[in-house]
Amino acid sequence: MSQFIFDELTGIPTILASKRAKRTDQTGAVSSKEKSPEEKTVCFFCKGNEHLTPPATYQDADDWNVRVFKNKFPIVDDHEIIVHSPEHDKDLTELPQDQNVRYIRAILNRVHYYTSSGMEVMVFNNRGGKAGASILHPHTQIIALAGFPGILELEKHEALRYYNEHHSCYWCDMIKSEAVIGERVVYESKHFIVLVPKASRWSYEMILVPKSHKPNFEFVDEMEINDFARILKAALYAYDQLFNRPDRNFWIHTQRYDPYHWHVGFIPHIKVVGGLELGAGVWVSDRASPEDAALQLEPYVKRMYEEGDGIKTLA
Ligand SMILES: [Zn+2]
Ligand SMILES: [Zn+2]
């Protein structure tokens, strides 16, 4: 099975997951092999094709609106797929609020399942070949491990260092100071703030942070779930509008224990990673300054958040 291999010098982790080479590839992102006729026509994630996937680990009803099952080609043992809806062509930006709430409840169910057994989780969405997706039907993935090396480990470590130095949470302090500065704030709702990070790796990177301090995503309350569904859709809608439905990633960073503050990261695939990024680990944000990106994203997030399901036409 898959396992981490750490670079001896830098500690940068790699997962060996060679069994994934056999997975279906509808986007052409994973391999250039000739697709079988079945791969081209049959969607494993559509209603009626449940027998083509492993059994459900969660679904909201017998006649499901959201369905979760183990990945047939897992990166690690605990790797599940959350199908956003039975609709093959509709993503979160096109689905109604009540469906997106069901989607978030499905994620919460799986996060609870794994964190209550002492594991940490990474929830992530890949849309399009450039973002790493191999199946077209909109879906999110969850991976559970005893712990995640890499960025999560670094954030956890630095959050503890920050806490010891300032006796406060890094993210609580960061959103307070960003709200005062205002220039990088994309939108602020009752329970969340969306902003473009000061040190964006990609232009138009966004971070969505809950105002209420909670390390674990699982601790969200009912008011936050509703607001989260709405602002998540609005943030993704801004990318669709600005970049004509780009390939994109978003992910939920969450930890079981303090000092941590769950949050969501977003990246639109409007550029390719080059030699400086891969060779030096230095990111080049060359399409817009964080302040300019926030200014451009704001009207779309505001419009979708405030008009929601009432929006009929694209700008
Ligand atoms: Zn489908
Ligand atoms: Zn906090």
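Reader: What makes both faces of strand 7 count as covered?

Author: In this predicted model, His-139, Gln-141, Ile-143 and Leu-145 on one side and Thr-140, Ile-142 and Ala-144 on the other are all buried, where buried means under 20% relative accessible area, exposed over 50% and partly exposed in between, with a 1.4 Å probe and protein chains only. Seven of the seven residues of strand 7 (residues 139–145) are thus buried, so the strand is largely enclosed by the rest of the structure; strands are DSSP runs of E with at least two residues, numbered from the N terminus.

Reader: How do you know that strand 5 and strand 7 pair?

Author: Pairing requires that DSSP finds at least two bridges between two strands, and strand 5 (residues 78–83) is joined to strand 7 in the antiparallel sense over six bridges, with Gln-141 as the bridge partner of Ile-81.

Reader: Why is the arrangement around the zinc ion (ligand 1) called tetrahedral?

Author: Its protein donors, meaning N, O and S atoms within 2.8 Å of the metal (3.2 Å for Na, K and Ca), are Cys-43 (SG), Cys-46 (SG), His-88 (ND1) and His-137 (ND1). Four donors count as tetrahedral if all angles lie between 85 and 135 degrees, and here the angles are 102 to 118°, which makes the arrangement tetrahedral.

Reader: Why does Cys-169 count as buried?

Author: Cys-169 has 12% relative accessibility, and therefore counts as buried.

Author: Residues are numbered from 1 along each chain as its sequence is written, with chains lettered from A and ligands numbered from 1 in the order in which they are written. Local features need pLDDT of at least 70, side-chain atom pairs count only at pLDDT 80 or more, totals for chains, interfaces and linings use all residues, and side-chain values use heavy atoms, with hydrogens and water left out.

Terms used. Tetrahedral: all angles 85-135°; square planar, octahedral: opposite > 155°, others 65-115°. Helix = DSSP H or I, 4+ residues; strand = E, 2+ residues; numbered from the N terminus.
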